Amino acid sequence: MIEQIFQKSGILNYTQILSKHPLLENGISILYNHKNLVELGKFKNHILKKNEIFYAEIDWKYLVSIIQEKKIIYIPFSRYPTSRRDLSLLVDKTISFEKINQLIKKKENHIIKKIQIYDLYEGKNFPISKKSYTVSFFFESQKETLTDKIINNSMKEIEFFLKKELKAEIREK
């Protein structure tokens, strides 16, 4: 929902960092121009014994000020389908999802519409110094239906790039 608000508001270049919110498990702070815009996460289990409740706190004054500054440009939806591919990585524990996200964005692969964290795992079956991310890539073109060959080549480039830049190990699903 937060991403949809950002898209509709023209907010595209934001960063995500893990936060130490006292009530949230795996909390995330979303920053825009290095200023906190959103705090979100799932309430810790000891607070809510039976239910999972997700929480998002938006700095509405800051959001409105950003929207007022932006010139929102309408880009029509693609007539062609979106394809999703997941990639499981084993990386050094110090590497954040945001670092992975920003590195891939710098590659300027024009068919990647969105990058999203699907899973994060640390613990049993992995060295103490490592963690596993599963990252979802959404591919789309405004010009054509993307073939498996095009998407698979793009995924191979991403894998090669992450191995080179982060010394990531690609995990089989």
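In what order do the elements of the protein chain run from the N terminus on? They run α-β-β-β-β-α-β-α-β-β-α-β, which makes four helices and eight strands in the protein chain. Helices (H or I, at least four residues) and strands (E, at least two) are DSSP runs, numbered from the N terminus. Please keep in mind that this is a predicted model, in which local features need pLDDT of at least 70 and side-chain atom pairs count only at pLDDT 80 or more, while totals for chains, interfaces and linings use all residues. Residues are numbered from 1 along each chain as its sequence is written, and side-chain values use heavy atoms, with hydrogens and water left out.

**The chain as a whole**

- Along its principal axes, the C-alpha trace of the protein chain spans about 50 × 45 × 30 Å.
- Of the 173 residues in the protein chain, 36% are buried; here buried means under 20% relative accessible area, exposed means over 50%, and partly exposed is in between (1.4 Å probe, protein chains only).
- Among contacts with a separation of 6 or more, 59% are between residues 24 or more positions apart, where contact means heavy atoms within 4.5 Å.
- The protein chain exposes about 12,200 Å², and carbon and sulfur atoms supply 53% of that area. Accessible areas come from the Shrake-Rupley method with a 1.4 Å probe, and for residues only the protein chains shown count as cover.
- There are 31 positive and 21 negative side chains, and the centres of the two sets lie 0 Å apart. Lys and Arg count as positive and Asp and Glu as negative, while His and the chain ends are not counted; each charge is placed at NZ of Lys, CZ of Arg, CG of Asp or CD of Glu.

**The nonpolar cores**

- A nonpolar core is a set of buried Ala, Val, Leu, Ile, Met, Phe, Trp, Tyr and Cys residues joined through side-chain atoms within 4.5 Å.
- The largest nonpolar core has 23 residues, and those touching the most other members are Leu 89, Ile 100, Ile 104, Phe 137, Phe 139, Ile 158 and Leu 162.
- Two or more residues of this core come from each of β5 (83-92), α3 (97-106), β6 (112-121), β7 (130-139) and α4 (148-166). Helix α4 gives the most, with six residues.
- Not counting residues up to four places away in sequence, Ile 104 touches Ile 112, Ile 115, Phe 137, Ile 158, Phe 161 and Leu 162.
- A second, separate core has 12 residues, including Ile 11, Tyr 32, Leu 37 and Ile 58.
- As background, nonpolar side chains tend to be buried together in soluble globular proteins.

- Phe 97, Glu 98, Ile 100, Asn 101, Leu 103 and Ile 104 are the buried residues of α3. Their cover includes β1, β5, β6, β7 and α4.
- Just after α3, Glu 108 takes a positive phi of about 55°.
- Ser 96 sits in the loop between β5 and α3 and counts as partly exposed because its relative accessibility is 31%.
- Leaving aside neighbours within four places in sequence, Ser 96 is in contact with Lys 131 and Tyr 133. Ser 96 and Tyr 133 are 37 residues apart in sequence, yet 9.4 Å apart in space, C-alpha to C-alpha.

- Strands β1 (residues 15-18) and β2 (residues 24-32) run antiparallel and are joined by four bridges; two strands pair if DSSP finds at least two bridges between them.
- A hairpin of five residues joins β1 to β2, and Leu 18 stands opposite Ile 28 in β2.
- Asn 33 and His 34 lie in the loop between β2 and β3. Phi is near 50° for Asn 33 and near 65° for His 34, each a positive value in a residue other than glycine.
- Asn 33 counts as exposed at 59% relative accessibility, and so does His 34 at 81%.
- Lys 42 lies in strand β3 (residues 35-43) and is buried, with a relative accessible area of 14%.
- Leaving aside neighbours within four places in sequence, Lys 42 is in contact with Leu 23, Leu 24, Glu 25, Glu 52, Ile 53 and Phe 54.

**The loop between β6 and β7**

- Asn 125 is found in this loop and counts as exposed, at 72% relative accessibility.
- The C-alpha atoms of Asn 125 and Gln 7 are separated by 38 Å, with the two residues 118 apart along the chain.
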